[in-house]
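Please open the model in a viewer and keep the selection panel at hand.

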Amino acid sequence: MTMLNSLFAKNALLPDGWAKNVRLNWDASGDLTAVQTDAIPQAHEMQHEFVLPGMINLHSHAFQRAMAGMSEIAGDGPDSFWTWRDLMYRYALHITPPQMQAIAAQLYSECLRHGYTAVCEFHYLHRAPDGSFYPDMAETAKQVIAAASRTGIGMSMLPVLYSHADFKDQPLRVDQRRFSTDVEQILQLVQQLESSRSGQLEVGVAPHSLRAANLTQIRELVAALPAGRPIHIHIAEQQREVDACLAATGKRPVELLLETGLVDQRWCLVHATHLSKHEVAGIAASGAVAGICTTTEGNLGDGFFDLPAYIAKHGRFGIGSDSHVSQSPIEELRWLEYGQRLRLQGRNIAQIAGQRRVGDFLWQACLQGGAQASGRQLGQLAIGKRADILVLDEQHPNLQDVAAAELLNSWIFSGNDNLVREVFVGGQQVVQGGRHVDQERIQSAYVSCMRELRKL
């Protein structure tokens with residue numbers, strides 16, 4: 001990885017919009033120290049046409065990258081999220097810690113090449129295949145963190161509390177044994193990872209869902225968590241989950257969680273697909289982030305997030321690649337908008353007064369929501385934020401003679417080529433000429449890993 005300390009952009013996306021002739025400077029720790037507009041390029045400086053902040057991937061299960069594309073075979077009966085989940089459980093039982101690092105490194109290198117510069121890792125594969133902890137309780141989390149360090153992506157590590165198979169504290173199934181944790185164990189994991197925290201790594205927690213962690217546990221976990229740490233949870237992803245919650249508690253999942261009074265800006269409610277209008281308003285009012293994972297939600301048949309109603313309530317949201325059937329923020333954003341167009345039979349849905357360009361609204365909103373969900377200083381080319389920077393390929397035909405004001409619409413809604421040319425994370429160049437700087441070795445390890453797994 002190459003470490004520089006400055007970059008010159010003819011056009012840079014700043015918090016207030018596009019600016020011309022911008023020089024960005026950062027320090028040795030990777031934080032931006034100066035953002036100078038109307039700067040004069042120096043003779044030695046390379047000038048980049050289009051520069052913008054890297055996107056935050058707010059929801060990832062890294063190990064699932066290894067099974068992407070393998071579940072698209074119909075069974076004898078109707079297929080659903082729940083039949084896919086059974087397959088995922090079987091797959092998860094075989095992955096070793098070194099394989100976990102190889103898979104995660106491949107995933108993160110792909111995410112970086114497509115424009116994600118940070119990831120929130122919702123990590124629940126804690127135990128060995130027999131259900132026991134490894135001698136180092138944080139072994140698997142450390143392997144995933146090592147993959148992030150190796151590739152250069154920033155991370156929010158979220159050890160997952162996973163104690164029950166369903167509502168009413170039903171015991172875990174045998175095929176869920178690698179996920180099993182209680183509150184004390186999650187807090188131990190957080191403590192073991194404390195020394196790893198840095199500008200590149202934050203550590204929060206994730207109650208898996210209201211199915212897998214009850215409200216007593218969630219209250220205990222949140223009360224013991226250090227201040228300001230991110231808290232993520234799966235919620236209301238499937239209608240069956242909503243129905244089961246109503247049967248068990250008399251309340252809908254988001255309604256039940258909001259009534260605890262715990263939900264605030266630290267929280268990311270992942271999926272939140274099936275909401276009443278009161279729940280839409282409640283999430284927005286809480287200041288939490290809705291984590292929308294369009295490609296996974298489409299792949300699993302989850303349903304549509306009610307984006308227009310949520311935007312109308314000034315709700316905060318971001319995107320994640322979740323099961324990694326796609327590693328592209330462009331595809332995620334495109335289908336977030338297209339899904340709404342199909343659902344509503346209209347066009348240009350994601351926009352607000354003052355920002356009618358759909359691409360600009362989506363990119364900026366997801367930068368803000370993703371940064372908040374990560375608990376890190378991200379999402380803006382501004383002093384004090386991380387130097388997480390994308391340089392687009394100005395030579396690509398889709399960007400020829402395109403004004404900066406039209407760039408995001410052109411990028412998001414035109415073609416399938418990857419237009420990301422250079423990527424810097426914390427000031428380190430991790431993608432050069434569209435390739436990850438360690439791409440060959442990462443791919444070789446991944447191919448070897450997959451050969452082993454496909455023998456099973």
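Begin by selecting Arg 127 and Phe 133: the charged end of Arg 127 sits over the ring of Phe 133, at 3.9 Å from the ring centre. Please bear in mind throughout that this is a predicted model.

**Aromatic pairs**

Now select Phe 317 and Phe 361, a tilted pair with centres 6.1 Å apart and planes at 50 degrees. This pair links distant parts of the chain, 44 residues apart: Phe 317 belongs to strand β14 (residues 316–319), and Phe 361 to helix α12 (residues 358–374). Both Phe 317 and Phe 361 are buried.

For a cluster of rings, select Phe 63, Tyr 89, Tyr 124, Tyr 162 and Phe 179, which are linked through ring pairs.

**Helix α2**

Select residues 97–114 to display helix α2, which has 18 residues. From the first C-alpha to the last, α2 reaches 26 Å, close to the 26 Å expected at 1.5 Å a residue. How many of the residues of α2 are buried? The count is 15 of 18, and the helix is mostly covered. Step on to Gly 115, which follows α2 and has a positive phi, near 115 degrees.

**The nonpolar cores**

The largest nonpolar core contains 132 residues. Within this core, select Tyr 108, Trp 267, Phe 317, Trp 363 and Trp 411, which touch the most other members. Phe 317 is the residue already visited as the partner of Phe 361.

Centre the view on Trp 363. Leaving aside residues up to four places away in sequence, Trp 363 touches Leu 13, Leu 52, Pro 53, Met 55, Ile 330, Leu 333, Leu 390, Leu 408, Trp 411 and Ile 412.

Finally, select Ala 9, Leu 14, Trp 26 and Leu 32, which are among the members of a second, separate core of 15 residues.

Definitions and conventions: Residues are numbered from 1 along each chain as its sequence is written. This is a predicted model: local features need pLDDT of at least 70, side-chain atom pairs count only at pLDDT 80 or more; totals for chains, interfaces and linings use all residues. Side-chain values use heavy atoms; hydrogens and water are left out. Rings of Phe, Tyr and Trp (its six-membered ring) pair if their centres lie within 6.5 Å; planes under 30 degrees apart count as stacked, over 60 as edge-to-face and the rest as tilted. Helices (H or I, at least four residues) and strands (E, at least two) are DSSP runs, numbered from the N terminus. Buried means under 20% relative accessible area, exposed over 50%, partly exposed in between (1.4 Å probe, protein chains only). A charge sits over a ring if NZ of Lys or CZ of Arg is within 6 Å of the ring centre and within 35 degrees of the ring normal. The expected span of a helix is 1.5 Å times one less than its number of residues. A nonpolar core is a set of buried Ala, Val, Leu, Ile, Met, Phe, Trp, Tyr and Cys residues joined through side-chain atoms within 4.5 Å. Contact means heavy atoms within 4.5 Å.
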